Amino acid sequence: MKTLTLFALLTLVSISSEAQYITKYPEIPRIDVHTHVGNSYPGIEAYLAFRDQMLKERKMDVAMWINLGQKGESAIDTISKASNGRIMTGIVDFRPQYGLTHKAEDIAGYLQKGYVGYKIWQGPYYRVLKEGEKGIRYLDDPAHQSVFTAMENAGMIGASVHVADPNGPFGNRGKWAADPVEYWRQVMSMERVMQRHPKLVMVAAHGGWLVCQDAQLDFLRYMFKTYPNYNVYIAATDQYYNLVNRENLRDLFIEFSDRILFGTDASAYNKEAIPAMINRHAKSFQILET
């Protein structure tokens, strides 16, 4: 009974400590590299209110966001003005399995308009294509190469580029990496893009989905060492950290701290959601800072 009581007390202390974490680095401005506010002006207002409250409660300055949620073009000037210049916008493609909608000849023009990156959700093709349907299955498909070349030449960042998302076939989101051969085909398609386009700055989504096994962490370490323009962000990854060796993960984060970015994958939220968002962000910063 004493053991159970002690365990309960320690658990409560741990939860309380996490919920009240205040940064030791208040001077560092932070950028959330993956959000989905789109052109929702109530959402923009909530983001700004969240920033003020985060500063007040946790001394953490979430200074800017990269907005990757909208389909097609958004009024980036209006979004920038509404957010006091704190929200930057990218172009997106959610179904490249049917071909990219943004063409190579348009990439440089997007940068001139103020877009800051190109999100491509290559994802597992079986979440988009029907069984037996032909389409573009992998990121390194020749159909994409002219766009990657244009991005490389213009300096357009591959922002939140997805491969190997942990979702099973045909909408079964609960089945992770059911086919390991298929998983690694998707991961290797990312490496082949980096091989062909060494000047392309790539920010792979969700740790490149290389954070769920120690072998994956070792491959992520190899990617960092081999491709200096390859980066990742950590949104939605901490739920898997218990599956890997702590020291392996910690050493990786320390060695490549300038290549592992902060991102939340947060959608447009309202002001009522701010307390939950504060706890969510504080947890991520606590992981990164400790």
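**Note on the predicted model**

1. Gln145 is found in helix H5, which spans residues 142-154; helices (H or I, at least four residues) and strands (E, at least two) are DSSP runs numbered from the N terminus. The structure is a predicted model, in which local features need pLDDT of at least 70, side-chain atom pairs count only at pLDDT 80 or more, and totals for chains, interfaces and linings use all residues. Residues are numbered from 1 along each chain as its sequence is written, and side-chain values use heavy atoms, with hydrogens and water left out.

2. Gln145 counts as buried because its relative accessibility is 15% (buried means under 20% relative accessible area, exposed over 50%, partly exposed in between, with a 1.4 Å probe and protein chains only). Not counting residues up to four places away in sequence, Gln145 touches Leu139, Asp140, Arg196 and His197, where contact means heavy atoms within 4.5 Å.

3. Ser267 belongs to strand E10, residues 266-267. With a relative accessible area of 44%, Ser267 is partly exposed. Apart from neighbours within four places in sequence, Ser267 is in contact with His36 and Tyr47. The C-alpha atoms of Ser267 and Asn67 are separated by 9.4 Å, although the two residues are 200 residues apart along the chain.

4. The axes of helix H6 (residues 180-196) and helix H7 (residues 214-226) come within 12 Å and cross at roughly 10°; axes are lines fitted to C-alpha atoms, for helices over the stretch in contact, and angles run from 0 to 180 degrees between N-to-C directions. H6 is therefore roughly parallel to H7 (angles under 35 degrees count as roughly parallel). From H6 the contact involves Tyr183, Trp184, Val187, Met188, Met190, Glu191 and Met194, and from H7 Gln216, Phe219, Tyr222 and Met223. By class, this contact of H6 with H7 has nine nonpolar, one polar and one charged residues (Ala, Val, Leu, Ile, Met, Phe, Trp, Tyr, Cys and Pro count as nonpolar, Asp, Glu, Lys and Arg as charged, and the others, Gly among them, as polar).

5. The largest pocket holds about 880 Å³ of space. On a 1 Å grid over the protein atoms alone, a pocket is an open set of points where a 1.4 Å probe fits, with protein on both sides within 12 Å along at least five of seven lines, and lining residues have an atom within 4 Å of a point. The volume is the space filled by probe spheres set on the points, which are joined across faces, edges and corners.

6. The largest pocket is lined by 24 residues, and Phe253, Ile287, Leu288, Glu289 and Thr290 lie nearest its centre. H9 gives the most to this lining, with six residues. The lining divides into 14 nonpolar, three polar and seven charged residues.

Notes. Angles under 35 degrees count as roughly parallel, over 145 as roughly antiparallel, 65 to 115 as roughly perpendicular and the rest as oblique.
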